[in-house]
Amino acid sequence: MEEPLVPLVPMSHTAHIRNHRKPRRNASSLAMRAGVAGGVLSTLAVAGASGSANAAEPVTQTLELPTLTADLAAQVAQSADATQQAAANYELQAERDAAAAKAAKQAKADLAEAKKKAEAKKKAAEAARKAAAAQAASRSSERTTLSASASTSTTVSAPASGSVATVIAFLKAQVGDAYVMGGTGPNAWDCSGLVQAAFKQVGVDLPRVSQSQSTAGTPVSLSNLQVGDILYWGAAGSAYHVGVYIGNGQYLDAANPSKGVVIQDLSGYPATGAVRVL
């Protein structure tokens with residue numbers, strides 16, 4: 001009896017490899033996958049329902065956000081205004097401090113300048129006081145000398161050599177020098193000290209004081225003056241000032257502390273008399 005034939009089912013060429021065989025799905029695996037799928041669908045359904053519920057309340061959320069944004073913008077604007085105001089205040093304070101420092105510096109400089117001027121005035125006043133004292137002492141000395149020499153006649157010998165031109169040249173060289181009571185040169189003079197020094201250049205020895213110089217030599221009238229004549233102011237023998245005639249109606253003298261040694265017009269301050277020693 002022949003055996004029944006078993007039908008042959010073709011197999012894949014990789015069927016003998018274990019890893020390439022598809023495992024059969026059992027019932028428990030299928031049930032698990034069905035449960036998972038159901039859970040996912042349930043979750044999606046709940047989320048959808050929640051989304052629908054939330055979509056029903058949009059008014060509260062959309063109203064709160066703009067309100068918060070407006071408040072924040074106002075706060076930022078206020079902060080910016082405060083910062084700008086603070087910066088302006090700092091700048092104003094800095095300008096005030098700089099102005100105060102500048103004013104203090106200027107005040108200090110003004111005070112120093114005022115002190116300097118006050119010191120200069122003080123020194124000038126002291127010098128004037130000393131000059132006045134010296135002038136008073138000199139006048140007293142001149143009066144004493146006049147009293148002592150009043151009983152004797154003063155004679156002046158003619159120089160062996162020299163000329164009026166030499167005397168005048170010396171006098172003009174001293175123009176601009178200071179007047180100091182009792183001064184005998186070389187840069188400061190009183191009236192009689194200058195006249196004495198000028199005639200000494202040509203060998204004529206004159207007395208030191210104006211009172212004695214007004215009686216030295218030969219008296220001459222003011223209408224007959226010659227260059228080199230000695231002019232005096234005050235009475236002969238008690239003159240208080242002397243100068244030298246230089247021609248053209250002018251004379252040269254050590255005038256006073258404010259003028260010093262100058263050339264002046266005789267018409268502006270006419271002399272009392274004159275004497276001639278050359």
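A nonpolar core is a set of buried Ala, Val, Leu, Ile, Met, Phe, Trp, Tyr and Cys residues joined through side-chain atoms within 4.5 Å. Keep that in mind as you look at this structure, which is a predicted model. Its largest nonpolar core has 28 residues, and by the rule used here there are two salt bridges.

**The nonpolar cores**

- In the largest core, the residues with the most contacts inside it are Leu171, Trp189, Leu194, Val195, Phe199, Leu206 and Ile230.
- Two or more residues each come from the helices α3 (164-173) and α4 (191-200), and from the strands β4 (230-233), β5 (241-247) and β6 (250-254).

**A closer look at Trp189**

- Leaving out residues up to four places away in sequence, Trp189 touches a whole list of others, among them Phe170, Tyr179, Val180, Leu194, Ala254 and Val261.
- Its contacts also include Gln174, Asp177 and Thr184.

**The salt bridges**

- Asp190 pairs up with Arg208, and their closest N and O atoms are 3.0 Å apart.
- Asp190 sits in the loop between β2 (188-189) and α4, while Arg208 sits in the loop between α4 and α5 (210-213), so the pair ties together parts 18 residues apart in sequence.
- Asp190 is buried, at 1% relative accessible area, whereas Arg208 is partly exposed, at 26%.
- Arg276 and Asp229 form the other bridge, at 2.8 Å from N to O.
- This pair links distant parts of the chain, 47 residues apart: Arg276 is in strand β8 (residues 273-276) and Asp229 is in the loop between β3 (218-220) and β4.
- Both Arg276 and Asp229 are buried.

Terms used:
Residues numbered from 1 in each chain as written. Predicted model: local features only at pLDDT ≥ 70, side-chain atom pairs only at ≥ 80, totals over all residues. Heavy atoms only, no water. Buried < 20%, exposed > 50% of the residue type's maximum accessible area, 1.4 Å probe, protein only. Helix = DSSP H or I, 4+ residues; strand = E, 2+ residues; numbered from the N terminus. Contact = heavy atoms within 4.5 Å. Salt bridge = Lys/Arg side-chain N within 4 Å of Asp/Glu carboxyl O.
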